[in-house]
Amino acid sequence: MGQNRVLWLLDALERDPRADAAIDKLTRSVRALPLGRARDGLHGRWLGHPVHPLMVQVPIGSWMSAAVLDLWPGRSRGAGLLVGVGLAAAGPAALAGAVDWAELRRQQRRVGLVHAVVNTAAVGLYGASLLCRLTGRAGAGRAYGFLGLTAVGLGGMLGGHLAYRQASGANHAEEVPHVVSEGWHRIGTVDEFPAGRPVRRTVDDVPVLVVREPGGTFHALAERCSHLAGPLSEGTVADGCVRCPWHGSVFRLSDGWNVRGPATAPQPAFDTRVVDGRVEIRLRREDGTQRPDGHETDEAPTRAGSEEGEGHGRSS
Ligand code: FES
């Protein structure tokens, strides 16, 4: 069965380069905003996933409720109040969306730009709606409100395409614990891992980043960045962390924790050990042991981590 027209249009939008110059300019402007540590807060690093979808609940919910009241005779005051609440909440939600947008792939930013334009139109329509209501033109206020809600619905459809079809905001390392098999996996001999240099290996078709510290401790993380699958083995290793080459997320080598965004999810981490000069790794499960299905439970990880020993390497 072929694509339907809506999907064809959305896919065509991803491929359309006509707005790329404006997108690049806007991207630079958003990245230059002096947000400091608040930028990671707007990405949702504290929440473990993007905060923008959470923040848009307030304007969408307010405007939807206003539409219901507008259909109910005698409730125009309440509807006007809800339109105002939605407008007040739209700004912070848009800012969170903008900082996420600036760290997306080009095809995602093309769709994201249209999503933003449509939602900006919705804000304009609701602004006009509020103005009409405040100046005694309730009928026009209702009409602008319904037009605004239509624009919000279109913006929501584009946001859904961005999130679910283009996977922006998703954890791109989520499948790793479901793909890597239980137990220890040999990934090479010690001398194949030069100290301080990131090395890429593969376990069960899952790319793994391996870093050997100058002291001999080995660290291993899932290699594809949780943000948008950037290659961490091409990143920079410093201060016990690796920095993604694509958008600069920083992950702690000892446990995969995302110490800096835009990544909102940590990297899956592996225990390491050296046996007879060969490096072995084992996926670290969330509870620090193997799965509760009877496999490998007698091999709980330990904290020591160096050549000819087992490396758990978890730090607080
Ligand atoms: S892919 Fe975006 S920070 Fe790694």
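Which residue stands opposite His185 in E10? Ile281 does, and the views below show where that pair sits. What you're looking at is a predicted model, where local features need pLDDT of at least 70, side-chain atom pairs count only at pLDDT 80 or more, and totals for chains, interfaces and linings use all residues. Residues are numbered from 1 along each chain as its sequence is written.

View A. Strands (E, at least two residues) and helices (H or I, at least four) are DSSP runs, numbered from the N terminus. Buried means 20 or more other C-beta atoms within 10 Å of a residue's own, with C-beta atoms placed from the backbone (12 or fewer is exposed, in between is partly exposed). Two strands pair if DSSP finds at least two bridges between them. E1 (residues 185–189) pairs antiparallel with E10 over 4 bridges.

**View B. The E9–E10 hairpin.** E9 (residues 269–275) also runs antiparallel to E10, joined by 6 bridges. Look for Asp271, whose bridge partner in E10 is Arg282. There are 2 residues between the strands, and Asp276 in the turn has a positive phi of about 50°.

**View C. Leu42 in helix H3.** Leu42 belongs to H3 (residues 38–43). This residue is buried, with 24 other C-beta atoms within 10 Å. Ala96 is 54 residues away in sequence, yet the two C-alpha atoms are 4.9 Å apart.
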